[in-house]
Amino acid sequence: MKDTINTPSKRKYMSHIPSDELVSAPKLLSGPAFRLLMYYYSKGSTWSWDDDNMARELETNVREIKRSRKELVDKEFLLIVKGTITNVFIGRQSVQEWLGVDA
């Protein structure tokens, strides 16, 4: 599965962003949504999805975080599968593979 690749380092997690997504995402997303996508990519696998903290770190408001998240979901850059365990797929390739869509 072409999922976000998190590599532990001494200071933080680093994610691999597919190069085609890095080029296409700014053209397909609004500025705030692209910024939120890059923020998601920068996080490790065990961080908390707290809108207030994200808004503070991105110097925006909670309404903009929610609007940007909805845009990411609508344009298939983010998929949140809720259940007993919530699975989050970040990136278009990951979402499309989970949904069984040919890219």
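Tyr39 is buried in this predicted model, with a relative accessible area of 9%, where buried means under 20% relative accessible area, exposed over 50% and partly exposed in between (1.4 Å probe, protein chains only). Residues are numbered from 1 along each chain as its sequence is written, and side-chain values use heavy atoms, with hydrogens and water left out. As the model is predicted, local features need pLDDT of at least 70 and side-chain atom pairs count only at pLDDT 80 or more, while totals for chains, interfaces and linings use all residues.

Leaving out residues up to four places away in sequence, Tyr39 touches Trp47, Met54, Glu57 and Leu58, contact being defined as heavy atoms within 4.5 Å. With one of these partners, Glu57, the side chain of Tyr39 forms a side-chain to side-chain polar contact of 2.9 Å. A polar contact is a pair of N or O atoms within 3.5 Å; within protein, one must be able to donate a hydrogen and the other to accept it, and residues adjacent in sequence count only if both atoms are side-chain atoms. Tyr39 and Glu57 are 18 residues apart along the chain, and their C-alpha atoms are separated by 9.3 Å.

Stepping back to the whole chain, there are five helices and four strands, and their order from the N terminus on is β-β-α-α-α-α-β-β-α. The chain has 103 residues, of which 31% count as buried. Among contacts between residues at least 6 apart in sequence, 44% join residues at least 24 apart.

The largest nonpolar core has 16 residues, and those that touch the most other members are Leu29, Leu36, Leu37, Tyr39, Tyr40, Met54 and Leu72. Such a core is a set of buried Ala, Val, Leu, Ile, Met, Phe, Trp, Tyr and Cys residues joined through side-chain atoms within 4.5 Å. Two or more residues of this core come from each of H2, helix H3 (51-57) and H4, and H2 gives the most, with six residues. Leu36 has contacts to Met54, Leu58, Ile65, Ser68, Arg69 and Leu72, when residues up to four places away in sequence are not counted.

How are helices H2 and H4 arranged where they pack? Helix H2 (residues 31-42) meets helix H4 (residues 62-74) at an angle of about 85°, and their axes are 9 Å apart. Axes here are lines fitted to C-alpha atoms, for helices over the stretch in contact, and angles run from 0 to 180 degrees between N-to-C directions. The angle therefore makes H2 roughly perpendicular to H4, on a scale where angles under 35 degrees count as roughly parallel, over 145 as roughly antiparallel, 65 to 115 as roughly perpendicular and the rest as oblique. On the H2 side, the contact is made by Pro32, Ala33, Leu36, Leu37 and Tyr40, and on the H4 side by Glu64, Ile65, Ser68, Arg69, Glu71 and Leu72. These residues divide into seven nonpolar, one polar and three charged. In this grouping, Ala, Val, Leu, Ile, Met, Phe, Trp, Tyr, Cys and Pro count as nonpolar, Asp, Glu, Lys and Arg as charged, and the others, Gly among them, as polar.

Glu64 counts as buried at 19% relative accessibility, and its side chain is joined to that of Arg67 by a polar contact of 2.6 Å. Glu71 is also buried, with a relative accessible area of 16%. Its contacts, apart from neighbours within four places in sequence, are Leu28, Leu29, Ser30 and Ala33.

Asp50 sits in the loop between H2 and H3 and counts as partly exposed at 28% relative accessibility. A polar atom of the Asp50 side chain lies 3.1 Å from the backbone nitrogen of Asp52. Most residues other than glycine have a negative phi. Glu59, in the loop between H3 and H4, has a positive phi of about 55° although it is not a glycine, and is exposed, with a relative accessible area of 72%. Glu76, in the loop between H4 and strand S3 (78-81), has a positive phi of about 60° and counts as partly exposed at 27% relative accessibility.
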